[in-house]
Amino acid sequence: MALSRIASSTHASNLLKPLSAALSIRRVISSDSTDPLTIETSLPFISHKCDAPPRAVDTSASELFSFFRDMATMRRMEIAADSLYKAKLIRGFCHLYDGQEAVAIGMEAAITKKDAIITAYRDHCIFIGRGGTLLEVFGELMGRICGGSKGKGGSMHFYRKQTNFFGGHGIVGAQIPLGCGLAFAQRYSKEENVTFTLYGDGAANQGQLFEALNMAALWDLPAILVCENNHYGMGTAEWRAAKNPAYYKRGDYVPGLKVDGMDVLAVKQACKFAKEHALKNGPLILEMDTYRYHGHSMSDPGSTYRTRDEISGVRQERDPIERVRKLLLAHDIASEKELKDIEKQVRKDVDDAIAKAKECPMPDPSELFTNVYVKGLGVESFGADRKEVRATLP
Amino acid sequence: MATLFQGLPSSTAFSSSNKFNHVPAPTSFSERKSSIVTVRSDARWSPVLNYATHKPQRLITNAVATKADSSLASTSSKPGHELLLFEALREGLEEEMERDPCVCVMGEDVGHYGGSYKVTKGLATKFGDLRVLDTPIAENSFTGMGIGAAMTGLRPIIEGMNMGFLLLAFNQISNNCGMLHYTSGGQFKIPVVIRGPGGVGRQLGAEHSQRLESYFQSIPGIQMVACSTPYNAKGLMKAAIRSENPVILFEHVLLYNLKDRIPDEEYVLSLEEAEMVRPGEHVTILTYSRMRYHVMQAAKTLVNKGYDPEVIDIRSLKPFDLHTIGKSVKKTHRVLIVEECMRTGGIGASLTAAITENFNDDLDAPIVCLSSQDVPTPYAGTLEEWTVVQPAQIVTAVEQLCQ
């Protein structure tokens, strides 16, 4: 019905416009509605040593609407970062997440801000998902003091303590033991929270993953290891790097679930299921089958190891934002125009944030020495407890 | 300003040097003339031992320099209790675990086995398996796990069964432990303590005789301390646990069975302070960990020969206590560094550079640094003896330095 309405309005003369306007007032579902809506995931879940969750996902119109808006923000942000990098305002490494937004958004929808998330260097969007602002992102990417880490971390070091986002790590796989440590602390303090430790298909071959998995399984830590499988470890395809690319099965004794990572509702369902599982039974591996449109980083064109047809094929068939757009239109939650307006607004927000971040100053040279130690060291000799200065070193 | 070094009678203006003619029993290395000013856990100052002020004109800053204590009296009349160094470490650990429920230990065989050097013996029965965690043999991961737990506010103590094994965890220690506070813009602090025995033991072989302080010293954001007596072992352990920064506490395999008397009252030492072991006039000898004892042995010989060495146990390997060291250099004008690290890139090399940069005008002679040989530690006993610095070499070095 929605499609025919659109078709008629594009072919319509002025006569039909008031008609379509009248029709739109009597929309079936409003975009603020929180009435439950059940939608099936496009692909089934494939499980390893556990029962797969049902394909029917509970959501609501407002949730879908927010998915669209948030994913559009992330997409726009990453593309803007691409231009900023080419304009040499962002230097060093810049790993972009466009194409993978569904994983970040779906995960956030299933958990609370008390649950912890830790990831590797492709962290701009997870930071946004955890409550970071666009200004903090662009400020940090451009090395300004308004950045999330005061400009001292850079693209690979976004953190947000108040919403339990633990970064932002440059070394492949090093965040996995940290993630198990977060889960250990959650178990130690008897909190009913879980930790999502994200890593890529490249890191899935690291020894420390299996060491950490062993410990998490041994002590029933509430750790959920999420493999964001975008099928390429930098330039090496997964079948060239892993003997067994079924990453959800590689936990062996740890149950696993393979999820269509481009379907935000599937991600939401899987993460919800994983949280319940981890709180009762210990660790779980989620393999998100996703895809990145950009290369590994900005210095990688992304087309030497895969064909442009492949990239555009995924973009046409599996793009996460397009899926949500189609859902919104099919369930008549929003109109084409509204969605376009949102995209325009998002574009404006991103441009505003960039402009504001550009005005922000660079860190002062004295900032070089702050935060090396807690409470500044090397100049004064403190007593234990750091409460009194005992001597000033010459 | 040159002073006569040769032929000075042993009864110099410093009466404290005479005390060293009283040779203490070989097993109890009670040469502890350590920092007395301590801070109790409730931040009140409390003097622990009585000061025996023989020479009131010596100006002592309240932080660092020490007075000779009244150790002439027999050990039985001194307050405190006697214990071995590993027991002192355990006492410090136990007190901190009782005081703060966020403190936990993790490492290989620390729980049910009681620790390979008995430092954590009995703690698992007392505090439970979660607080004294037996980990699988996966140094990289359990170090990372400890660091991750510390990001949320726990205070783990990560034990490496031998310091050398922590090389496997170097990535976690360097990148995550040292740098997270900086790269997160101050959001996360990592209050971990990484501890373990290192150093050359008794014929343990090359891989188990490593001195890791030289590898870790460049990592920004961490602190390193080395304990050498039961007194400073307990104090440094407690200070390290209470510190908000990551601290690496270096213990030595051969020092675990040192017996000494420590105070009954609670005390915490400062992580950045050096310890004045023996005040002197002629030469400053800087040392740490096991070499302190070789130096003190050499000091006995030197005193008999008429020299008056000032011995400082630097304790804090990162950052160096340049305040104490500087004061000493300004007094004696000659420096000898005795360390167990390798010659290349060791703590002595950094210390030499630091002293030369800061106190070059106060030096009458180039700094001499005695370090271990740049070889893997051999198994044969005689060869192993020759990789580390021996007291005879220290005596020769001081004699040459003081010419």
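Helices here are DSSP runs of H or I, at least four residues, and strands are runs of E, at least two, numbered from the N terminus. With that in hand, one residue to start. T135(B) sits in the loop between strand 5 and helix 3 of chain B.

Some ground rules. This is a predicted model, so local features need pLDDT of at least 70, side-chain atom pairs count only at pLDDT 80 or more, and totals for chains, interfaces and linings use all residues. Residues are numbered from 1 along each chain as its sequence is written, chains are lettered from A and ligands numbered from 1 in the order in which they are written, and side-chain values use heavy atoms, with hydrogens and water left out.

Confidence next. The predictor gives the complex an ipTM of 0.82 and a pTM of 0.81. The pLDDT is the predictor's confidence in each residue, from 0 to 100. Chain B averages 83, and 81% of its residues score at least 70. Residues 1–76 of chain B fall below 50, yet this stretch has 129 contacts in the model beyond near neighbours in sequence. Contact means heavy atoms within 4.5 Å.

Now chain B as a fold. Chain B has 11 helices and 16 strands. Of its 403 residues, 62% count as buried. Buried means under 20% relative accessible area, exposed means over 50%, and partly exposed is in between, with a 1.4 Å probe and protein chains only. Take the contacts in chain B between residues at least 6 apart in sequence: 81% of them join residues at least 24 apart.

On to the interface. The size of an interface is often given as the accessible area lost when the parts come together. Here the buried area is about 4,700 Å², and carbon and sulfur atoms give 62% of that. Buried area is the accessible area (1.4 Å probe) that two parts lose on being put together, summed over both. On the chain B side, M145(B), Y182(B) and Q187(B) lose the most area to chain A, together 15% of what that side buries.

What about polar links? Between chain B and chain A, 17 residue pairs are in polar contact, both residues at pLDDT 80 or more. A polar contact is a pair of N or O atoms within 3.5 Å; within protein, one must be able to donate a hydrogen and the other to accept it, and residues adjacent in sequence count only if both atoms are side-chain atoms.

T135(B) is buried, at 9% relative accessible area. Leaving aside neighbours within four places in sequence, T135(B) is in contact with residues of both chains: M215(A) and W219(A), plus M106(B), G107(B), E108(B) and F142(B).

Salt bridges. The rule is a side-chain nitrogen of Lys or Arg within 4 Å of a carboxyl oxygen of Asp or Glu. Over all chains the count is 41. Across the interface of chain B and chain A it is 0.

First pair: E91(B) and K234(B), with the closest N and O atoms 2.8 Å apart. E91(B) lies in helix 1 (residues 85–99) and K234(B) in helix 6, so the pair ties together parts that are 143 residues apart in sequence. E91(B) is partly exposed at 22%; K234(B) is buried at 0%.

Next, E266(B) and R242(B), at 2.9 Å, N to O. E266(B) is partly exposed at 23%, while R242(B) is buried at 8%. Both pairs belong to a network of salt bridges that links E91(B), E95(B), E96(B), R99(B), K234(B), K238(B), R242(B) and E266(B).

Last pair: K331(B) and E310(B), at 2.5 Å, N to O. K331(B) is in helix 8 and E310(B) in strand 13 (residues 309–313), 21 residues apart. K331(B) is partly exposed at 29%, and E310(B) is buried at 1%.

One stop in chain A to finish. K275(A) is in helix 10 (residues 264–281) and is buried at 16%. Its side chain makes a polar contact with the side chain of D115(A), at 2.8 Å.
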